[in-house]
Amino acid sequence: MNKTLEKTRAFEKEMIQAYDPARRPAFHLTGLTGWINDPNGLSVYADRAHLFYQANPYGRQPGQICWGHAATEDFVNWTYLPCALAPSEGYDRDGCFSGSALTLPDGRHLLMYTGFRENDGGEGYRQVQCIAAGDGCNYVKYEKNPVLSSQDLPEGGSEADFRDPKIWEEDGKYKALVANRAADGTGAILVYESADGFSWHFSGTLLANNGRYGSMWECPDLFPLDGTDILLFSVQMSTGADPAFHPGLGTVCMYGRYEKENGRFVPEGAQPVDCGIDFYAPQTLLLPDGRRIMIAWMQNWETSQFCREDLAFNGQMTIPREISFRNGLLLQNPVRELESLREEHTAYEGITVDGCSKLPGIGGRSVDLSVTVRPDGSEEGTKRFFIDLAAGKNVQTTLEFDPVLSQLTIDRTRSGYPHDIVNMRSIPVRLIDGALDLRILLDRYSLEVFVNGGEQAASFVLYSPEDAEEIRFRSIGRTVIDAGQYTLKGTVPEYRSEI
Ligand code: FRU
């Protein structure tokens with residue numbers, strides 16, 4: 001085992017004693033300690049799902065990025081495994097960046113990742129693609145790494161921005177998508193092929209950005225879903241792009257046709273995957289039971305430097321989401337196994353809110369809350385409707401529904417973050433049979449909102465004090481609601497040094 005990996009694993013082990021479940025999300029995965037960003041290598045191997053992630057265990061900000069590792073049988077209870085990859089060779093000296101995984105015919109778990117290297121003494125950096133193979137716990141870097149580097153780029157392709165390989169098996173061969181900055185400065189998603197998973201060659205361009213949907217596309221994922229093909233990628237969106245997308249870092253779901261024969265993707269439409277602030281670099285996984293699960297980094301690069309100094313982690317994953325595609329929409333809902341964490345149930349039907357109402361039994365910071373809002377269109381009816389979450393003295397996170405604009409605004413300005421960063425998102429929502437259906441997952445340090453059965457989702461990190469746990473309903477004018485809540489019990493990941 002190389003020295004950096006050995007040292008990182010020893011450090012992780014030391015940190016287990018310091019792991020305090022009370023100062024962690026109750027049911028969202030963080031790193032064992034320190035910083036995390038993108039999910040990596042999400043795959044089923046040896047009867048479990050494995051999730052690696054970009055990690056710097058030594059601090060709450062990125063550093064020498066390695067691959068942290070966790071595994072699960074139900075997407076709710078996690079086991080930490082020892083760090084899988086750490087920078088050790090010339091080609092990945094300054095970071096083992098994002099990538100993906102699959103199982104080889106000989107039973108080995110293959111990881112494909114980006115090796116990152118700063119230029120010696122000069123400006124800029126280099127990115128190359130690398131392979132490691134292992135047994136679900138210990139991985140050996142391939143002796144012929146890197147397997148893809150500058151000579152494998154199309155004309156004008158940047159050797160600095162060349163990253164995030166997504167590997168899959170197709171008709172007896174392996175294919176990989178790799179994000180690249182093209183000669184015109186915008187992004188392109190390249191396709192590479194391999195017969196054995198180790199030796200790779202360039203085969204074409206899946207799709208070029210051509211200035212649409214932001215600049216450099218990162219972290220591509222391509223898969224069939226309910227009769228269409230989906231291409232996900234993450235990107236810095238510029239102001240004035242498609243108005244469905246907020247400026248800043250976000251994730252795009254393009255749907256259309258993947259033409260296998262010529263290795264092209266023909267887009268038919270695009271939509272934001274998540275309309276909140278904290279959702280980036282998702283990966284998906286097809287389970288043996290046919291469900292496709294999506295997990296993203298619940299953070300974003302623009303605000304990730306702000307964290308709570310009293311907490312040992314910075315960065316968490318979203319709740320794993322089951323995704324499907326219906327009537328031109330990507331639907332996403334919390335993984336059904338979350339139900340196993342349900343404890344107390346409180347439900348109300350046909351409650352009229354006019355002013356401010358607190359409903360006994362509705363509150364807390366680890367809850368699964370469903371609210372059906374029926375705006376009243378009469379003279380005395382709804383002018384504005386609000387739900388205050390994680391509310392306490394001078395703090396609250398507010399969902400506000402405006403019936404005139406048919407818009408939902410989620411505001412975390414008073415939720416523990418500095419005030420001069422992005423804290424608010426507004427999204428157009430529709431009423432179905434006169435009602436807006438909201439499912440709200442609130443954990444100690446996050447909020448995820450699923451609208452109308454998952455046709456929109458919005459994720460936010462919250463750093464409100466842990467004792468801010470009131471939930472209030474407010475209405476200007478009369479609004480009728482149903483509200484049902486389950487409190488969710490926390491899960492505590494265990495650590496195993498072997499699988
Ligand atoms: C996305 C990303 C990837 C890169 C990784 C580095 O968040 O920028 O493109 O591989 O993070 O940690």
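The model is predicted, so local features need pLDDT of at least 70 and side-chain atom pairs count only at pLDDT 80 or more, while totals for chains, interfaces and linings use all residues. Residues are numbered from 1 along each chain as its sequence is written, and side-chain values use heavy atoms, without hydrogens and water.

Ligand first. Around it are N37, D38, Q54, F97, S98, R163, D164, E218, C219, Y280 and W301, each with a heavy atom within 4 Å of it. Four strands each supply at least two residues of this shell: strand 1 (34–45), strand 5 (96–103), strand 9 (162–170) and strand 13 (217–225). Strands here are DSSP runs (E, at least two residues), numbered from the N terminus.

Now the polar atoms. A ligand oxygen lies 2.7 Å from a side-chain N or O atom of D38. For the side chain of E218, the corresponding distance is 3.2 Å. A polar backbone atom of S98 is also 3.2 Å from a ligand oxygen. Taken alone, the ligand exposes 320 Å², and the protein buries 93% of that (Shrake-Rupley method, 1.4 Å probe).

On to D482. It lies in strand 31, residues 470–488. Is D482 buried or exposed? Buried, because its relative accessibility is 18%; the cut-off is under 20%, with a 1.4 Å probe and protein chains only. Its side chain makes a 2.7 Å polar contact with that of R374 (N or O atoms within 3.5 Å, one able to donate a hydrogen and the other to accept it; residues adjacent in sequence count only if both atoms are side-chain atoms). Beyond four places in sequence, D482 contacts (heavy atoms within 4.5 Å) Y348, E349, G350, S370, V371, T372 and R374.

How values were computed
Buried means under 20% relative accessible area, exposed over 50%, partly exposed in between (1.4 Å probe, protein chains only).
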